[in-house]
Number of protein chains: 2
Amino acid sequence: MARVPRQKRAKETVNAIIEASFIAMAEHGPAATTTRQIADIAGVGVGSLYEYFDNKEQIFEVMSERFVADTIGLIHPLTPILVRKPIKDAVRELLQQFRDFLQQNDGRYLKCARHAMTLGFEAHMEPLQKALQELVTQYLMHHPETLKMRNIPTMSYIMINGGIFAVVRHLSEPAPPISFDELVEGLATMVGHYTEREIALASSQDVQSG
Amino acid sequence: MARVPRQKRAKETVNAIIEASFIAMAEHGPAATTTRQIADIAGVGVGSLYEYFDNKEQIFEVMSERFVADTIGLIHPLTPILVRKPIKDAVRELLQQFRDFLQQNDGRYLKCARHAMTLGFEAHMEPLQKALQELVTQYLMHHPETLKMRNIPTMSYIMINGGIFAVVRHLSEPAPPISFDELVEGLATMVGHYTEREIALASSQDVQSG
DNA sequence: ATGCTTGTTCGGATTCAATTCGGAAAAAAT
DNA sequence: ATTTTTTCCGAATTGAATCCGAACAAGCAT
């Protein structure tokens, strides 16, 4: 941001701009969204955009940041609930909540997420990654038997990255070959089987070595 | 394309433009790549770009198509070799080949894949998806016991999409939390455990119902 | 209230990249 | 050699992004 809004009026302007960006973006996609459209929807002059944002790209960046922050806001309060559930239920619950989250506000987030990759939202994904990492860690602590698994960092890396992309990609497809529910079930099964198999292996190791 | 190149000279021009796009794109990213840069690198006038491409976006589209076609060119001849291997070996081999492929030409493909999402290259990914689907199908046919698994379409969807993204993302990260070998091993293990568990489940079903 | 300073808004002017266009040069066809 | 087709180009056009300075509002001391 070129400048920080000090007065209430200015803060409202900044907010209106971001809101307008979500709307314009959801409607036209990022490439076809012009500064004039954003300004018109926000009800401000074009020049005002540049008071608080260096350029159009930065507006989208702030949008992505807000999206990521809101997603974390979804995950964080969910954590204590998820860690009590069996792993497959936890995965299912998380993904269904995520879907509902994307579909609120007339699917605004969904439409943005669809185009989100079209922007550099990967860059802002790190906090989300951290939040999910934290969720995994919490989960493992509540289920000591899962700590027997090997390669926990590797597997959580795969599940988090692979999971995010599989979901976003699915949402981006106009005619996905499988339903969202099938995707959710598949991811839950995948995670479930992996942990079961690893725990079984760890137990047999115990028998052999101890 | 606005026009089709008929003479050899013209075909060379088109090729030079695409090559130049790869180079410019790898260096500056898609947003910062200008038509003038492409033209300069290709050694042609700006006007020439528009002889064979409707606009800049279309140049990127053709690039994406070439990238996808080249990737398929990697996978296709690999298929008969992979289908004979145990599943974990097949996954390892495929991923290592894919990494080498992305890193050739000074990482040109990798850099493009990194920004690829920034373009609409997802749109052109379908043939790649098909090729991988075909690989999975071939594999299943060569290993009849795996056909007992449930939800094969769902699981291949997850593995293909999740796998591609995990690899591209990992290779793009400046300081990844795990090594590439660990990632490969993790993905191989994940796939391996899943199939083992599913096959075991299917067998116990057989016992119960038959 | 009044004058002063700081913050805010705006839209015309400017800049810059994408795209167009018309004619010159090269290749092919006659 | 001449005509026709294909190719190439870069100056001119266009339109969106960005800048800027005047006009307007808010805060604040006197």
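Ala, Val, Leu, Ile, Met, Phe, Trp, Tyr, Cys and Pro are counted as nonpolar, Asp, Glu, Lys and Arg as charged, and the remaining residues, Gly among them, as polar. On this basis, the surface near DNA strand D in the predicted model comprises six nonpolar, 10 polar and seven charged residues. DNA strand D is surrounded by 23 residues, of which the closest are Asn55(A), Ala10(B), Val44(B), Gly45(B) and Gly47(B). Two or more residues of this surface are contributed by each of α2 (35-42) and α3 (46-52) of chain A and α1 (8-28) and α3 (46-52) of chain B. Helix α3(B) provides the largest share, four residues.

For DNA strand C, 23 surrounding residues were likewise found, and the closest are Ala10(A), Val44(A), Gly45(A), Gly47(A) and Asn55(B). Here α1 (8-28) and α3 of chain A, together with α2 (35-42) and α3 of chain B, each supply at least two residues. The largest share of the surface near DNA strand C is that of α3(A), with four residues. By class, six residues of this surface are nonpolar, 10 are polar and seven are charged.

Within chain A, the domain assignment gives domain 1 (1-54) and domain 2 (56-209). The centres of the two domains of chain A, taken over C-alpha atoms, are 31 Å apart. Their contact involves 13 residues from domain 1 and 13 residues from domain 2 of chain A. On the side of domain 1 of chain A that touches domain 2 of chain A, the elements giving two or more residues are α1 and α2 of chain A. Of these, α1(A) gives the most, six residues. This side of domain 1 of chain A consists of nine nonpolar, three polar and one charged residues.

Between the chains, 28 residues of chain A are in contact with 27 residues of chain B. On the side of chain A that touches chain B, two or more residues come from each of α7 (152-172) and α8 (180-209) of chain A. Helix α7(A) accounts for the largest share of that side, 12 residues. The residues on the side of chain A that touches chain B divide into 13 nonpolar, 10 polar and five charged.

Key. Residues are numbered from 1 along each chain as its sequence is written. Chains are lettered from A and ligands numbered from 1 in the order in which they are written. This is a predicted model: local features need pLDDT of at least 70, side-chain atom pairs count only at pLDDT 80 or more; totals for chains, interfaces and linings use all residues. A residue is near a molecule or strand if its C-beta atom, placed from the backbone, lies within 6 Å of it. Domain bounds come from an automatic or database domain assignment. Two residues are in contact if their C-beta atoms, placed from the backbone, lie within 7 Å.
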